[in-house]
Amino acid sequence: MEKRYYRVGAIGILVEGPAFEEAYYLSPFRTEELTPDLTVTVSLTGPVSLPEGFCGGSGWVKVGNTRVLIDERNQIPSARADYDGYGHIGVSVDRAHSECYGSSFLIRVLRLPHRVLEHGSVFLHSSFIEVNGEAILFTADCRTGKSTQAALWEKNRGAFVVNGDRSLLRKENGRWYACGSPYCGTSKICHNLSYPIRAVVILSQAKTNTAKRAGAKEAFIAMLSGCTYHASRKTEVDAVTEIAGDMIASVPFYTLACTPDLRAVEELEKAL
């Protein structure tokens, strides 16, 4: 058994359990000993019991405050995670299926997109670059060109790509910051860095480039569609709505209809 400490945004995390190989997307968030907001205790056990009320399914299945990992081949539980509602998650992993335990497993157990909402933060689907000590976030639907625009700024303007998939938005001392996160998608670009937000850019594809300041409605729609939360849970909807309203009031949002080349960079520069 060992202890590992992590910090993602404002959340301090303690993981107690068997040793595991730390993935590239988790290791940047490793830190020194801290007072945790969330503790995960992992035990290797015999067969894992199903929670009362389980009605079937495969993969991670939620039943109240319990989630069970159901092996798709034989439909038996490989692991079980019980959240007590007060910052502790007790995890049981069947020794016969111990290969499932690791970084990806822990990320799923932590469910950070939902935990951070309790701390006034939220994950936004976006490519996150740093330019002159400030963050520019490119947000849009999948395959619209977020990573492409980030790479163009990196190549042509010396920007640093902090994360290629999801940024953690956090308010600190009255200003909104973009923070690195362990969710980096296929880009595999994942750095634990934080910068004040210069702008959020809402992307769309076009044959010509047009950049302009976004209206409040456009910005609000982009935030609600780009943030990670359960739309069926009123508490999470309310939290995201509050964050979006605060962000829009204090951070510039822009729309960029763009081509995948240097002209898009130049057009956005003029608007900024």
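This is a predicted model: local features need pLDDT of at least 70, side-chain atom pairs count only at pLDDT 80 or more; totals for chains, interfaces and linings use all residues.
The axis of a helix is here a line fitted to its C-alpha atoms over the stretch in contact, and the angle between two such axes runs from 0 to 180 degrees between their N-to-C directions.

Helix 4, residues 216–226, packs with helix 5, residues 234–250, at an angle of about 140°, and their axes are 10 Å apart. Helix 4 and helix 5 are therefore oblique to each other, because an angle has to be over 145 degrees to count as roughly antiparallel. The crossing of these two helices is right-handed. On the side of helix 4, the contact is made by A216, A219, F220, M223 and L224, while helix 5 contributes V240, T241, I243, A244, M247 and I248. Sorted by class, the residues in this contact of helix 4 with helix 5 comprise 10 nonpolar, one polar and no charged residues.

From C-alpha to C-alpha, P47 lies 48 Å from V200 in space, and the two are 153 residues apart in sequence.

The cysteines remain to be considered. The structure holds zero disulfides, and C142 is accordingly in no disulfide, with the nearest cysteine sulfur, that of C227, 14 Å away. C142 is exposed, with a relative accessible area of 61%, and C55 is also exposed, with a relative accessible area of 77%.

Terms used:
Residues are numbered from 1 along each chain as its sequence is written. Side-chain values use heavy atoms; hydrogens and water are left out. A disulfide is a pair of cysteine sulfur atoms within 2.5 Å. Buried means under 20% relative accessible area, exposed over 50%, partly exposed in between (1.4 Å probe, protein chains only). Helices (H or I, at least four residues) and strands (E, at least two) are DSSP runs, numbered from the N terminus. Angles under 35 degrees count as roughly parallel, over 145 as roughly antiparallel, 65 to 115 as roughly perpendicular and the rest as oblique. A crossing is left-handed if the near helix is turned anticlockwise from the far one by less than a right angle, and right-handed if clockwise. Contact means heavy atoms within 4.5 Å. Ala, Val, Leu, Ile, Met, Phe, Trp, Tyr, Cys and Pro count as nonpolar, Asp, Glu, Lys and Arg as charged, and the others, Gly among them, as polar.
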